[in-house]
Amino acid sequence: MPERTEVVTSQPRAGAPRRPLLEVVGLSAWYGEAQVLSDVSLDVGSGEVVTLVGRNGAGKTTLLRSVMGLHKQTRGSVTFEGLEITRRTADARARLGVGWVPDDRGIYATLSVEENLLLPPVVHEEAWPIERVYESFPVLHERRDFPGTKLSGGEQQMLAMARVLRMGARMLLLDEPSEGLAPVIVQRIGEIIREIKGQGVGVLLVEQNVKFAATVADRHYLLAQGRVVEHLDNRQFQDRESELLTYLGM
Amino acid sequence: MSAFVQYTLQGLAAGGFYALSALGLAVIFGVLGVVNFSHGACYMLGAVIAAVLLAEVGIHFWVALLVVPVIMFGVGVLIERLLVRWLLQLDPLYNFLLTFGLALVLVEAVKRRYGVSGLPYEVPAGLSGQITVAGVGLPAYQVFACLFSVAICLLSWLLLAKTRVGMIVRASTEAPERTRALGINVGLWVTPVFGFGIALAGLAGVLAAPFRAITAEMGSNFVIVLFAVVVIGGLGSILGAVVAGFLVGLVEAYGVAYAPAYAQIAIFVLMAIVILVRPSGLFGREETA
């Protein structure tokens with residue numbers, strides 16, 4: 001992978017060896033009158049893990065929701081696998097291979113663990129068969145008949161990620177997967193992220209845990225008050241870790 | 001003792017009408033987020049259509065039990081396509097007002113056409129007598145109505161619990177936005193679900209036809225009790241709607257039998273107690289932080 005040291009890339013990288021999997025250009029978003037995102041541009045390649053780092057209220061979750069098509073008040077464009085999806089509905093985007101793992105994990109209480117896994121349609125040939133999901137996450141197999149929300153927080157996070165992998169998502173939108181989880185589980189989530197990265201899946205990761213972000217990501221976008229203020233590769237990010245921690249108030 | 005058994009049966013039969021209708025109301029609320037105030041009017045329409053089919057076309061009860069829900073499914077599809085759909089993006093209050101107005105229109109239309117006195121409907125042949133269970137004589141029709149409601153509730157439950165369609169309806173009921181983000185076109189299910197809910201109300205109307213006075217106003221009080229049922233069961237809970245339906249039927253029947261003056265109040269006292277002890281209803285999920 002070539003070194004990238006340039007700051008905010010608002011232009012698509014012309015002549016880049018491969019087209020990015022996900023490309024966001026000039027995205028702005030509002031809640032009523034309040035603007036929460038201003039002209040955000042970023043991209044994520046296949047097999048690349050990119051984080052969005054920023055304080056609470058910086059607009060990270062809104063950005064993920066806008067990419068998923070759940071936030072309606074937006075301007076700008078979102079392109080996925082070379083296809084402009086800005087005007088597509090959330091369900092159409094999911095069927096193209098965008099997998100959303102929300103910050104509350106989004107596990108259904110009225111569906112069993114197995115039903116949670118089987119709910120999304122299979123949309124890609126490289127989707128994980130249910131057997132593979134159970135092999136990777138034996139606990140989900142053990143508890144497959146339990147209501148989804150009877151799982152522990154860590155197990156629910158696994159389930160939420162496994163669900164979009166079973167669907168065959170090529171791009172994961174992960175909203176704070178490590179939040180509130182024990183270190184050993186955060187480590188396991190890191191392993192999963194590295195595994196799917198190896199399969200060419202792209203990951204856009206919202207993360208407050210800077211140390212965790214540095215262990216899995218290739219690049220980082222720093223978001224402040226709805227703008228991308230810095231764009232760092234992982235080496236720069238690690239060099240400035242203590243500064244960033246202070247900036248984030250941690 | 002035998003009187004108590006009879007009241008219980010009466011309660012369960014009436015509870016069946018509530019359970020079926022509340023089930024429809026709960027599914028509609030779950031998937032569309034619409035509080036369908038016209039549900040009582042649709043129950044009334046089911047009974048009126050059954051009576052008209054019998055009087056004018058000679059279609060008897062057993063066929064009506066099949067035909068009326070199909071007609072009401074169509075009515076539901078029309079209501080959703082022509083009216084409700086346009087307001088789904090707005091505040092839920094708009095659809096509440098729309099269906100409230102629709103209920104008034106339906107009631108007045110039936111009044112104009114069929115007057116205010118009750119339409120006759122005889123208990124179907126074969127169910128007009130009494131059957132004796134353990135030495136207690138019970139009206140055969142009530143036994144049938146009660147068992148039939150339970151059977152339909154069970155079938156609906158199987159549909160919801162064991163099929164892919166049911167899984168999608170449950171998921172959409174619990175979290176419509178998230179379900180869309182997982183690749184399900186929730187909008188595709190909105191029309192059939194609305195039709196299904198209305199069909200259940202119509203079916204309850206047919207079942208009630210031989211048992212209740214068939215008038216334009218029969219749904220007006222019914223729908224108020226129905227909202228109590230849904231609140232007691234837990235808004236958005238399908239199982240809760242069914243259980244609370246039978247429970248409210250029983251409370252009402254015992255009230256009428258033992259304390260007639262308080263029969264109607266009893267239901268709302270029950271509702272108040274449930275809300276005080278469990279604000280989210282018997283089967284409603286607790287609010288999560």
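A crossing of two helices is left-handed if the near helix is turned anticlockwise from the far one by less than a right angle. I wrote that down before opening this predicted model, since my opening entry needs it.

**Entry 1: two helices in chain B**

I looked up how helix H9 of chain B (residues 218-233) sits against helix H11 of chain B (residues 263-277). Their axes are 9 Å apart, and the packing angle is about 25 degrees. Angles under 35 degrees count as roughly parallel, so H9(B) is roughly parallel to H11(B). H9(B) passes H11(B) in a left-handed crossing, which is where my definition comes in handy.

Next I asked myself which residues make the contact between H9(B) and H11(B). From H9(B) I noted B:Val225, B:Ala228, B:Val231 and B:Ile232. H11(B) brings B:Ile267, B:Phe268, B:Leu270, B:Met271, B:Val274 and B:Ile275. I sorted them by class and got 10 nonpolar residues, with no polar and no charged ones.

I also checked the confidence for chain B. The mean pLDDT of this chain is 91, and 98% of its residues reach 70 or more.

**Entry 2: strands and turns in chain A**

I moved to chain A and began with strand S1 (residues 22-31). What are its partners? Strand S1(A) is joined to strand S2(A) (residues 34-44) by seven bridges, and the two run antiparallel. In this pair I found A:Leu27 opposite A:Val40 of S2(A). S1(A) is also joined to strand S4(A) (residues 74-80), again antiparallel, by six bridges. There A:Ala29 stands opposite A:Thr74 of S4(A).

I then followed S4(A) onward to strand S5(A) (residues 83-84). These two pair in the antiparallel sense over two bridges, with A:Phe80 opposite A:Leu83 in S5(A).

What do the turns look like? S1(A) and S2(A) form a hairpin with two residues between them, and A:Gly32 in that turn has a positive phi of about 60 degrees. S4(A) and S5(A) form a hairpin with two residues between them as well; in its turn, A:Glu81 has a positive phi of about 50 degrees.

**Entry 3: the six-stranded sheet of chain A**

In what order do the strands of the open sheet lie? I traced them as S6-S7-S8-S3-S9-S10 in chain A, six strands with mixed pairing. The edges are S6(A) (98-101) and S10(A) (227-233), each of which pairs on one side only. From one strand to the next, the twist averages 15 degrees.

Strand S9(A) (residues 219-224) pairs with S10(A) in the antiparallel sense over six bridges. The bridge partner of A:Arg219 is A:Asp233 in S10(A).

At the S6(A) end I found a helix. Helix H6(A) (residues 153-167) lies across S6(A) and strand S7(A) (171-175), and runs at about 170 degrees to S6(A).

**Entry 4: where the chains meet**

My last stop was the place where chain A touches chain B. I noted 20 residues of chain A in contact with 14 residues of chain B. Which part of chain A gives the largest share of its side? Helix H2(A) (residues 90-96) does, with four residues. By class, the chain A side has 14 nonpolar, three polar and three charged residues.

Technical notes. Residues numbered from 1 in each chain as written. Chains lettered and ligands numbered in written order. Predicted model: local features only at pLDDT ≥ 70, side-chain atom pairs only at ≥ 80, totals over all residues. Axes fitted to C-alpha atoms, helices over the stretch in contact; angles between N-to-C directions. Parallel < 35°, antiparallel > 145°, perpendicular 65-115°, else oblique. Contact = placed C-beta atoms within 7 Å. Nonpolar A, V, L, I, M, F, W, Y, C, P; charged D, E, K, R; others polar. pLDDT = per-residue confidence, 0-100. Pairing = 2+ DSSP bridges.
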